[in-house]
Amino acid sequence: MLTSIAWRSLVSRRKTVFLTFLSLVVSISVLISVEHIRLQAKESFNRTISGVDLIVGAPSGELNLLLYSVFRMGSPTNNIDYNSFTMLKANKSVSWAIPVSLGDSHRGFRVMGTNTDYFKYFKYGSDKPLTMAAGTEFASPFETVLGADVAKELGYKQGDKIVIAHGIGSTSFVNHDQAPFTVSGILAPTGTPVDKTVHVSLAAIDAIHLPPSQLKKLVANPDTQLEPPKSITAMMLGLNNKFATFTLQRQINNYKKDRLMAVLPGVAMAQLWQLMANVENLLQVIGYLVLLASLFGLATMLLATMNERQREIAVFRILGASPKVIVSLIILEALIISVLALLFSIGLVTLLLTLLEGWLTAEYGLFLSNNLFTMELLLLSGIITTATIITALIPGLEAYKNAIHTQLSGR
């Protein structure tokens, strides 16, 4: 009966209640979105690379190796011998190996030398493979596969010619004009650093740095068999048995014939994410402050109606309602508004995530699930409900005073 009375009371003040409801919907939606994106962004960040068990490069620190090999940020301190790559590829514990060679660029985008195993084994997100939006993988030394952002921003299409420059700056004074590359394919968007990468073969990386006379002959005869490179920047390894990861990592770190360092991508990712902990906490604080402001708005609305509801309270007192019942009624009204706003917000955020899922992945690399029903949401709902009750005590105490005053006046 008390719930029915609270509902009818809210309906009688539907205009102000509706505005308060909208305010709560906005604030709760912001809080749910921030919390969900915060948690999902961490998972999405960790899924920039998927299925790679070890990343191997020259000793330079785990974060530095991760940044230049996966995110194409920074520069390696040194290269590793190509023989180390062939040795590890032949290791019985290794299922596949992807070479990575960096150092050149094209109009501000990093160029990565690799082989066709990259397109076969490299995965992102939840084990999603790379797919071609147009064309095919490179088949000759002077063909290139562009990431989605490179093709989009520079307006390239299959069959276009591009020139690679030495160094990683957006402006270079050393261009490899004698050996233009033909765009053989364009990758579908992934929302990862792959989109901002120009992919060429390992042979091409070595070839463009040959003396002009040799390079000219090679361009004229692109089918010429090239020797393997002397060194590469890094390599990514997928293992047959995950339990062998730490054993192989120790063997690589103790390898005597070359200075090598092997890192676990997941561990390095976790370290990198910790550097952004302050931003993560700031997002949480902002979300809760927005909610607090809306709850104060709810309390203000209920307080503003206290004078108008003195007769209503007097009638309840005449009918035998105690001051505690009056307080419970006020709190119940606040809870009805808050719970309805919470349910509406969950539905709204779920709908938006469903509609924007593809766009968020392609543009920002965020792999956001539209499933909000997690332990975090349950905890958040408890916090919102508790905060609503505490906030509603302010107008509730005012109603209690009015009830006591009515009781004393009646005597």
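Is phenylalanine 85 buried or exposed? Phenylalanine 85 is buried, at a relative accessible area of 2% (buried is under 20%, exposed over 50%, partly exposed in between, with a 1.4 Å probe and protein chains only). Keep in mind that this is a predicted model, where local features need pLDDT of at least 70, side-chain atom pairs count only at pLDDT 80 or more, and totals for chains, interfaces and linings use all residues. Residues are numbered from 1 along each chain as its sequence is written, and side-chain values use heavy atoms, with hydrogens and water left out. Helices (H or I, at least four residues) and strands (E, at least two) are DSSP runs, numbered from the N terminus.

**Aromatic pairs**

- Searching the whole structure turns up eight aromatic pairs (rings of Phe, Tyr and Trp, the last by its six-membered ring, with centres within 6.5 Å; planes under 30 degrees apart are stacked, over 60 edge-to-face, the rest tilted).
- One of them joins tyrosine 82 and phenylalanine 85: the ring centres are 5.4 Å apart and the planes sit at 40 degrees, so this pair is tilted.
- These two residues are three apart in helix H4 (residues 82-89), which separates them by about one helical turn.
- Tyrosine 82 is buried too, with a relative accessible area of 16%.
- Tyrosine 118 and phenylalanine 119 make an edge-to-face pair, because their planes are at 80 degrees, with centres 5.3 Å apart.
- Tyrosine 118 is buried at 0% relative accessibility, and phenylalanine 119 is buried at 7%.
- Tyr118 and Phe119 belong to one aromatic cluster together with Phe122 and Phe138.

**Strand E4 and its partners**

- Strand E4 (residues 109-114) is mostly covered, with six of its six residues buried.
- On the antiparallel side, E4 pairs with strand E3 (residues 94-106) over four bridges (pairing takes at least two DSSP bridges between the strands).
- Histidine 106 stands opposite phenylalanine 109 of E4.
- E3 and E4 form a hairpin with two residues between them.
- E4 also pairs with strand E12 (residues 197-201), this time in the parallel sense over five bridges, and here threonine 114 stands opposite serine 201.

**Positive phi**

- Most residues other than glycine have a negative phi.
- Arginine 107, in the loop between E3 and E4, has a positive phi near 50 degrees.
- Arginine 107 is exposed, at 52% relative accessibility.
- Arginine 72 has a positive phi as well, near 55 degrees, and lies in the loop between helix H3 (62-69) and strand E2 (80-81).
- Arginine 72 is buried, at 8% relative accessibility.

**Nonpolar cores**

- The largest nonpolar core has 36 residues, and those with the most contacts inside it include Leu24, Ile28, Leu298 and Leu372 (a core is a set of buried Ala, Val, Leu, Ile, Met, Phe, Trp, Tyr and Cys residues joined through side-chain atoms within 4.5 Å).
- Elements giving two or more residues to this core are helices H1 (2-12), H2 (14-46), H11 (277-304), H13 (323-364) and H14 (375-410).
- H13 supplies the largest share, 15 residues.
- Leaving out residues up to four places away in sequence, leucine 372 touches Ile32, His36, Ile346, Val349, Thr350, Leu353 and Leu377 (contact means heavy atoms within 4.5 Å).
- Apart from this core lies another, of 32 residues, among them Tyr124, Leu130, Leu187 and Ala234.

**Helix H10**

- Helix H10 (residues 265-274) has Pro265, Ala268, Met269, Leu272 and Trp273 as its buried residues.
- Seen down the axis of H10, the buried residues fall within an arc of 140 degrees, so they line one face of the helix (the arc is that of the directions from the helix axis to the C-beta atoms).
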